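Have a look at the sequence and the structure first.

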Amino acid sequence: MNVLPTPTIQPAYGSGSGSGSDRVINSDFDTFLKMLTTQVENQDPLDPIKSEDCATQLAQSSAVEQQTKTNDLLEALNAQFGQMGMAELANWVDMEARVAAPASFDGGAISVAASPVTTANRAFLVVRDQSGVTVDRREIPVTEATLEWDGRDSDNTELPKGLYAFEIESQHNGDFLDTKPAEVYVPVTEARNQEGGTYLVLRGGTVVDAGAVRAIREPNAA
């Protein structure tokens, strides 16, 4: 029995009447019908094509066509949802996002959300420059609190402007427990949609996933 293979429909992206996807579907479906007609006209009289086989092939082709259209619809919906997210995130521009990321020091204090390990009886704020060098290490209260880092090193000398990363080191009776990135409040300068996700650009150029933001507040709300 000769069975005609289901036509291969290449996915195409587009929307609206006469989109690339519609043109591909129509072209492939027309080709499929022509091939099926030719197969029926030239079938072996001793081994004719069964009507069930024709119906199956038509159903398969129709299913592929419907799946392609469904995929295009999902792509359009995802794009629409992305635009909705962007519209909401646009309101975050000029706000301060709380996120575990480097912060830009420009002479003003940086708010750091400290969260030591609950079993710690000593905690330290560790600050590193862009090269990873520790430029400041100071003891902080062993409680969850928002601290203001003044941009000065351990010798009380003001550090140069630039990006700095913050960590919280926890100890118990002199034994090291944990070091983890500290969350800081950084102004948001841009919201963008790229590589299938939504990202925020922070002051200083750091780019973070919008989903990593823990809180948003008005500037100077500390």
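What follows is a quick tour of the salt bridges.

Keep in mind that this is a predicted model. How many salt bridges does the count come to? The answer is 10. Side chains of opposite charge can pair when their charged atoms come close.

| Pair | N to O distance |
|---|---|
| D106 and R203 | 3.5 Å |
| R122 and E139 | 2.9 Å |
| R137 and E169 | 2.7 Å |

Start with D106 and R203, whose side chains meet in a salt bridge. D106 sits in the loop between β2 (103–105) and β3 (110–114), while R203 is in the loop between β10 (197–202) and β11 (207–209), so this pair ties together parts that are 97 residues apart in sequence. D106 is partly exposed, at 37% relative accessibility, and R203 is partly exposed too, at 32%.

Next up are R122 and E139, another salt-bridged pair. R122 belongs to strand β4 (residues 122–128) and E139 to strand β5 (residues 134–140), which puts the partners 17 residues apart. R122 comes out at 35% relative accessibility, partly exposed, and E139 at 45%, also partly exposed.

Then there's the bridge between R137 and E169.

How values were computed: Residues are numbered from 1 along each chain as its sequence is written. This is a predicted model: local features need pLDDT of at least 70, side-chain atom pairs count only at pLDDT 80 or more; totals for chains, interfaces and linings use all residues. Side-chain values use heavy atoms; hydrogens and water are left out. A salt bridge is a side-chain nitrogen of Lys or Arg within 4 Å of a carboxyl oxygen of Asp or Glu. Helices (H or I, at least four residues) and strands (E, at least two) are DSSP runs, numbered from the N terminus. Buried means under 20% relative accessible area, exposed over 50%, partly exposed in between (1.4 Å probe, protein chains only).
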